[in-house]
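Subject: Structure handover and notes

Dear colleague,

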Amino acid sequence: MVRILAISGSLRHASSNSTLLRAVAALAPAHISVEIYTGLGELPHFNPDLEDSEPPSVLDLRSRVANAHAVLICSPEYAHGVPGVLKNALDWLVGSGEFADKPVGLLNAAPRATHAQESLAETLRTMAARIIPEASITLAIQGAKLDERAIVEHVEFAPRLRAALEALASSSNL
């Protein structure tokens, strides 16, 4: 079983990014398990002074990333950048090494949101993550107002998401 940790860069439950990840989890074949991380809003602001006494929420995030074979991130773009809550989570992981050689796919729910994707990819490469191009796709979900079921049944989106999942799973070190 390939374990993929899915992280939405949005705290809104009804966000296009979170909806897209829930659809991905529903589309996962039997040999791929997709766990959606929901603790982004629980993380304290990154503070290097806490690195020897991290709060439980940080230890939980580190454990989930470490135990995943791959990570799938879907993030909105705010003012041409990565949302602060997602960047904060990544900051907690910079020095601990969970992303080293970890396969990562980047989903984009809004084709016009390119700045955050580029910034996110650069941050992850700096953390030694392996961005998997075949698992990094852009779909026009945001403006379409599709729910999970509509995405799962979509004639174009569903096959592309399954292919992205398979590419991410096959890139894991199993």
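This is a predicted model: local features need pLDDT of at least 70, side-chain atom pairs count only at pLDDT 80 or more; totals for chains, interfaces and linings use all residues.

**Overall fold**

The protein contains 6 helices and 5 strands, and along the sequence these elements follow the pattern β-α-β-α-β-α-β-α-β-α-α. The radius of gyration is 15 Å, close to the 16 Å that the globule rule gives for 174 residues, so the protein is as compact as a globular protein of that length. The C-alpha trace spans about 50 × 40 × 25 Å along its principal axes. Among contacts between residues at least 6 apart in sequence, 80% join residues at least 24 apart.

Buried residues account for 50% of the 174 residues, while the protein exposes about 8,200 Å², of which carbon and sulfur atoms supply 53%. As for charge, there are 14 positive and 19 negative charges, and their mean positions are 6 Å apart.

In soluble globular proteins, nonpolar side chains tend to be buried together. Here the largest nonpolar core has 30 residues, of which I4, L20, I32, V34, L107 and L161 touch the most other members. At least two residues of this core come from each of β1 (2-8), α1 (16-27), β2 (32-37), β3 (70-74) and α6 (157-170), and the largest share, 8 residues, is supplied by α6. Not counting residues up to four places away in sequence, V34 touches I4, A6, V24, A25, A28 and L165. Apart from this core lies another, of 26 residues, with I7, V82, W92 and V104 among them.

I7 sits in strand β1 and has a relative accessible area of 5%, so it falls under the 20% cut-off and counts as buried. Its contacts, leaving aside neighbours within four places in sequence, are L21, Y37, L40, V71, L72, I73, C74 and L86. The C-alpha atoms of I7 and E35 are separated by 8.7 Å, although the two residues are 28 apart along the chain.

One of the contacts of I7, L86, belongs to helix α3 (residues 84-94), where L86, N88, A89, L90, W92 and L93 are buried. The cover over the buried residues of α3 includes β1, α2 (56-67), β3 and α4 (115-126).

At 4% relative accessibility L72 counts as buried, and, leaving aside neighbours within four places in sequence, L72 is in contact with I4, L5, A6, I7, L21, V24, G105, L106, L107, A135 and L168. The C-alpha atoms of L72 and T19, which lie 53 residues apart along the chain, are separated by 13 Å.

S18 itself is found in helix α1 and is buried, with a relative accessible area of 9%.

With best wishes

Terms used. Residues are numbered from 1 along each chain as its sequence is written. Side-chain values use heavy atoms; hydrogens and water are left out. Helices (H or I, at least four residues) and strands (E, at least two) are DSSP runs, numbered from the N terminus. The radius of gyration is taken over C-alpha atoms; the globule rule is 2.2 Å times the number of residues to the power 0.38. Buried means under 20% relative accessible area, exposed over 50%, partly exposed in between (1.4 Å probe, protein chains only). Contact means heavy atoms within 4.5 Å. Accessible areas come from the Shrake-Rupley method with a 1.4 Å probe; for residues, only the protein chains shown count as cover. Lys and Arg count as positive and Asp and Glu as negative; His and the chain ends are not counted. The place of a charge is taken as NZ of Lys, CZ of Arg, CG of Asp or CD of Glu. A nonpolar core is a set of buried Ala, Val, Leu, Ile, Met, Phe, Trp, Tyr and Cys residues joined through side-chain atoms within 4.5 Å.
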